[in-house]
Amino acid sequence: DDQVFEMKKHAPCKVALFSMDEENERVKRHASRGGLSAIYENGFITIYKGEWKIRVMKAVNIPLTFGGKAAFMIQNVLPAVLTGYIRGFALEDIRMSLETFIPSPTQTPGRLNMFNFKNFRVLVDYAHNPAGMKALFKFIDNLEASPKIGIIAGIGDRRREDNNEMGKLAAEMFDELIIRQDKNLRGRTEKELIEMLIEGVHQHDSNMNVKVIPNETEAIRYAINNAKPGSLIAMCSDVVPDALNLVMKMKEEEANRLYEFSTDDIPNMDDQ
């Protein structure tokens, strides 16, 4: 990133770089001068300095990357590995940490939390701006699911064009959309935000199937209760704990329905 790279001129310390492009000229120049970098190289997370490279781990084996499908998570892993290496952690410990850091409501709340229901999946993520949506788009595009349903909201302290772009991106990403509202409207009315999103949706597809359910709890319940087999429901939530708690509660309710049993199912009950 050009602007971030410029910041190195003002950093009163040594600088390490990271890049998803192993052929990045800035990284190569940095390495030739003895600088330290982390790169995504031939499928590996690699530490790079001077003439030598240390391949730390294959990205597909890092749970956080969802088998290498979440490119932005690979990008996040690069500086994390660099930090561990610079701080003196052994490569074995870094590898173990990467293997055991599982994307989940406990360890990464609101960051690619996937729930496998019996016939469909639910994804909860905090993606809340065009850049976040674009990163999520790349991930969802790699997932096998049909239909893909998005639950999105407008953001009150963003420009009209930003909310339009959110709607347009969502229309490109999903087969069906549910528009809800954040708990904090941040200075705009519910009506304004819904209109901005729908404007953006129609820039991509004027016939897009869009349902407006302003209350997040109602939107989530509607999507899950009406989910089709093989579908993916992706919800972009601003109050992540509330969304996660509701999804986990509904998953538990489904499990209870699936595994209900009576005393007739317990062996040797007649001998009691």
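Modeller: Look at Asn215, which caps the N-terminal end of α8: one of its side-chain oxygens lies 3.0 Å from the backbone nitrogen of Thr217. A polar contact pairs N or O atoms within 3.5 Å, inside protein one able to donate a hydrogen and the other to accept it, and sequence neighbours count only if both atoms are side-chain atoms. Elements are DSSP runs numbered from the N terminus: helices (H or I, at least four residues) and strands (E, at least two). This is a predicted model, where local features need pLDDT of at least 70 and side-chain atom pairs 80 or more, while totals for chains, interfaces and linings use all residues. Residues are numbered from 1 along each chain as its sequence is written, and side-chain values use heavy atoms, without hydrogens and water.

Biologist: Which residues of α8 are buried?

Modeller: Buried means under 20% relative accessible area, exposed over 50%, and partly exposed in between (1.4 Å probe, protein chains only). In α8, residues 216–225, the buried ones are Glu216, Ala219, Ile220, Ala223 and Ile224. They sit on the same side of α8, because their arc around the axis is only 120 degrees, taken from the directions from the helix axis to the C-beta atoms. Their packing partners are β6 (121–125), β7, β8 (176–180), β10 (232–236) and α9 (240–258), with contact meaning heavy atoms within 4.5 Å.

Biologist: Is Asn42 buried or exposed? And Leu112, buried or exposed?

Modeller: Asn42 is exposed, at 55% relative accessible area, whereas Leu112 is buried, at 0%.

Biologist: Where is Pro147 placed?

Modeller: Pro147 is in the loop between α5 (130–141) and β7 (148–153). Check omega there: the peptide bond from Ser146 to Pro147 is cis, with omega near -5 degrees.

Biologist: What types of residue line the largest pocket?

Modeller: The lining divides into 13 nonpolar, 4 polar and 3 charged residues. Here Ala, Val, Leu, Ile, Met, Phe, Trp, Tyr, Cys and Pro count as nonpolar, Asp, Glu, Lys and Arg as charged, and the others, Gly among them, as polar.
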